Amino acid sequence: MPRPTEEVEYEQMLLGRHSLADHRGGRHKYALLDRSAYILLSRLRVQGPMSNGELSDAFGLDASTLNRQTAAVARAGLAERIPDPDGGMARKFRITDEGARLLDAERERVVRSLDQVMRDWPDEDIAAFAGYLKRFNSSIERLSCRPWPRP
């Protein structure tokens, strides 16, 4: 009999597969934003302007990977570099109006997809599942010392 954590591992692997199943070149065939831009813009939206160093720490990514991601969203006009609003030396990235518009549209597309997947689920089950996911993510964040701010 498998341990419960072995079942979680297997289902988590499948969830990752489903999340990526229809991607072509890192992009879902219907996606407005690629995965890294979606996550980066989501973080900027909830936390506000962040420097490359702050983003690198938040995501646990090396500076070169983070630089590629921030350069891509800046080139696309989804985020912009600004002086530190708190007067610090480092320049910070903030989401642009276009980035916010695309993020909202992508989030709505994802929610519509989830509505389809869970259309036969009672609201109580969806709420319980969301609560377990939040608890799971919060536990990972606590162990990694990288909390993700929630709206």
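Modeller: Leu61 belongs to the loop that lies between helix H3 (52-59) and H4. The model is a predicted one, and the values below are computed from it. With a relative accessibility of 27%, Leu61 counts as partly exposed, because the partly exposed class begins where the buried class, under 20%, ends. When residues up to four places away in sequence are set aside, Leu61 touches Ser56, Leu66 and Gln69.

Ser64 is already part of helix H4. Its side chain makes a polar contact with the side chain of Asp62, at 2.6 Å. Ser64 has a relative accessibility of 40% and therefore counts as partly exposed. Looking back along the chain, Gly53 is 11 residues away from Ser64, and the C-alpha atoms of the two are separated by 11 Å.

Helix H4 itself covers residues 63-75, and its axis comes within 10 Å of the axis of helix H2 (residues 35-47). Two packed helices are described by the angle between their axes together with the distance between the axes. For this pair the crossing angle is roughly 85 degrees, so H2 and H4 are roughly perpendicular to each other. That assignment follows because angles of 65 to 115 degrees are classed in this way. On the H2 side the contact is made by Ser36, Ala37 and Leu40, and on the H4 side by Gln69, Thr70 and Val73. By type, these residues divide into 3 nonpolar, 3 polar and no charged.

Glu106 lies in helix H5 (residues 97-117). Its relative accessibility is 4%, and for that reason Glu106 counts as buried. The side chain of Glu106 also makes a polar contact with the side chain of Arg109, at 2.8 Å.

As for the setting, the chain holds 6 helices and 4 strands. Read from the N terminus, its elements follow the order α-β-β-α-α-α-β-β-α-α. Of the 151 residues of the chain, 26% count as buried, and Glu106 is one of the buried residues. Among contacts between residues at least 6 apart in sequence, 50% join residues at least 24 apart. The C-alpha atoms fill a box of roughly 55 × 35 × 30 Å along the principal axes.

Cys145 has a positive phi of about 60 degrees, although it is not a glycine. Cys145 is found in the segment after helix H6 (123-144), and at 64% relative accessibility it counts as exposed.

How values were computed:
Residues are numbered from 1 along each chain as its sequence is written. This is a predicted model: local features need pLDDT of at least 70, side-chain atom pairs count only at pLDDT 80 or more; totals for chains, interfaces and linings use all residues. Side-chain values use heavy atoms; hydrogens and water are left out. Axes are lines fitted to C-alpha atoms, for helices over the stretch in contact, and angles run from 0 to 180 degrees between N-to-C directions. Helices (H or I, at least four residues) and strands (E, at least two) are DSSP runs, numbered from the N terminus. Angles under 35 degrees count as roughly parallel, over 145 as roughly antiparallel, 65 to 115 as roughly perpendicular and the rest as oblique. Contact means heavy atoms within 4.5 Å. Ala, Val, Leu, Ile, Met, Phe, Trp, Tyr, Cys and Pro count as nonpolar, Asp, Glu, Lys and Arg as charged, and the others, Gly among them, as polar. Buried means under 20% relative accessible area, exposed over 50%, partly exposed in between (1.4 Å probe, protein chains only). A polar contact is a pair of N or O atoms within 3.5 Å; within protein, one must be able to donate a hydrogen and the other to accept it, and residues adjacent in sequence count only if both atoms are side-chain atoms.
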